[in-house]
Amino acid sequence: GTALAARLAGSYDLVAVWDTLDAAVLGYVVGRALERPVVRILDHEGLITASAPIAPGARAVFVAPAISDPQEPRLTRALLEARDATLATVAALVDLATGTERPVALVRVETSPPETCPACRRGQPLSNARQPLAPGGQHG
């Protein structure tokens, strides 16, 4: 979390996180490093709310362990804009390359479609992700 906070350039008024345990813990560490409050974004059966008031004009950074669901930062942006605030940056420990926006990240997972994957072209099958990976990754 502190390494992620160190990569964030700019000034923020708050750290926004989706309401999950892992995101809340990461948000707390980033918020502490940036000396900014953490606001949890809650989804109550489609009603998106915040755990604390968001001041008009506030600049936020959305923090997540990984952006596995691009809807979370989109909904966060919509909530902030509805409160006249701004989502300035999206940051994640791991960028899974699932959306069009690339977050600030410590690690990027690059993926290739099967037709351009070098290991797939050599005929190497993917290993079961539930099994320990061989040295060198899924393709050994």
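Reader: Let me start with the strands. In which sense do β4 and strand β5 pair, parallel or antiparallel, and over how many bridges?

Author: Welcome! This is a predicted model, and in it β4 and β5 (residues 86–95) pair in the parallel sense, over 7 bridges. To find a spot where the two strands face each other, look at Arg59, which stands opposite Thr86 in β5.

Reader: Through which helix does the chain cross from β4 to β5?

Author: The chain takes a path through helix α3, residues 71–82, and this β-α-β crossover is right-handed.

Reader: Which strand is joined to β4 by 3 bridges?

Author: That is β1, residues 14–18, which runs parallel to β4, residues 59–66.

Reader: How many bridges join β1 to β2?

Author: There are 4, and these two strands run parallel. Val17 has Arg40 in β2 as its bridge partner. Between β1 and β2 the chain passes through helix α2 (residues 21–34), in a β-α-β crossover that is right-handed.

Reader: In which sense do β2 and β3 pair?

Author: Here the sense is antiparallel, with 4 bridges. Leu42 stands opposite Thr49 in β3. The two strands form a hairpin that has 2 residues between them, and Glu45 in the turn shows a positive phi of about 50 degrees.

Reader: Stepping back, how many helices and strands are there in the protein?

Author: You can find 4 helices and 6 strands. Read from the N terminus on, the order of elements is α-β-α-β-β-β-α-β-β-α.

Reader: Now for the inside. What tends to happen to nonpolar side chains in soluble globular proteins?

Author: As a general idea, they tend to be buried together. In this protein, the largest nonpolar core has 19 residues, and Leu14, Ile41, Ile54 and Phe62 have the most contacts inside it. Two or more residues come from each of β1, β2 (38–44), β3 (47–50), β4, α3 and β5. A second, separate core has 12 residues, including Leu4, Val15, Ala23 and Leu26.

Reader: Which residues does Phe62 touch?

Author: Leaving out residues up to four places away in sequence, its contacts include Ala16, Trp18, Thr76, Leu87 and Thr89.

Reader: Thr76 is on that list; is Thr76 buried or exposed?

Author: Thr76 counts as buried because its relative accessibility is 0%, and the cut-off for buried is under 20%. Thr76 sits in helix α3. Apart from neighbours within four places in sequence, Thr76 is in contact with Ala16, Trp18, Ile41 and Phe62.

Reader: And Thr89, is that residue buried or exposed?

Author: Thr89 has 16% relative accessibility, so it counts as buried. Thr89 is found in strand β5, and its side chain makes a polar contact of 2.8 Å with the side chain of Tyr12. Beyond neighbours within four places in sequence, Thr89 also has contacts with Leu8, Ala60, Val61 and Val104, among others.

Reader: What share of the 140 residues is buried?

Author: Buried residues make up 31%. As for contacts between residues at least 6 apart in sequence, 57% join residues at least 24 apart.

Reader: Lastly, what is the mean pLDDT of the protein?

Author: The mean is 83, and 84% of the residues reach 70 or more. Over residues 128–140 the pLDDT is below 50, and this stretch has 13 contacts in the model beyond near neighbours in sequence.

Methods: Residues are numbered from 1 along each chain as its sequence is written. This is a predicted model: local features need pLDDT of at least 70, side-chain atom pairs count only at pLDDT 80 or more; totals for chains, interfaces and linings use all residues. Side-chain values use heavy atoms; hydrogens and water are left out. pLDDT is the predictor's confidence in each residue, from 0 to 100. Contact means heavy atoms within 4.5 Å. Two strands pair if DSSP finds at least two bridges between them. A crossover is right-handed if, with the strands pointing away from the viewer, the path from the first strand over the helix to the second runs clockwise. Buried means under 20% relative accessible area, exposed over 50%, partly exposed in between (1.4 Å probe, protein chains only). A polar contact is a pair of N or O atoms within 3.5 Å; within protein, one must be able to donate a hydrogen and the other to accept it, and residues adjacent in sequence count only if both atoms are side-chain atoms. A nonpolar core is a set of buried Ala, Val, Leu, Ile, Met, Phe, Trp, Tyr and Cys residues joined through side-chain atoms within 4.5 Å.
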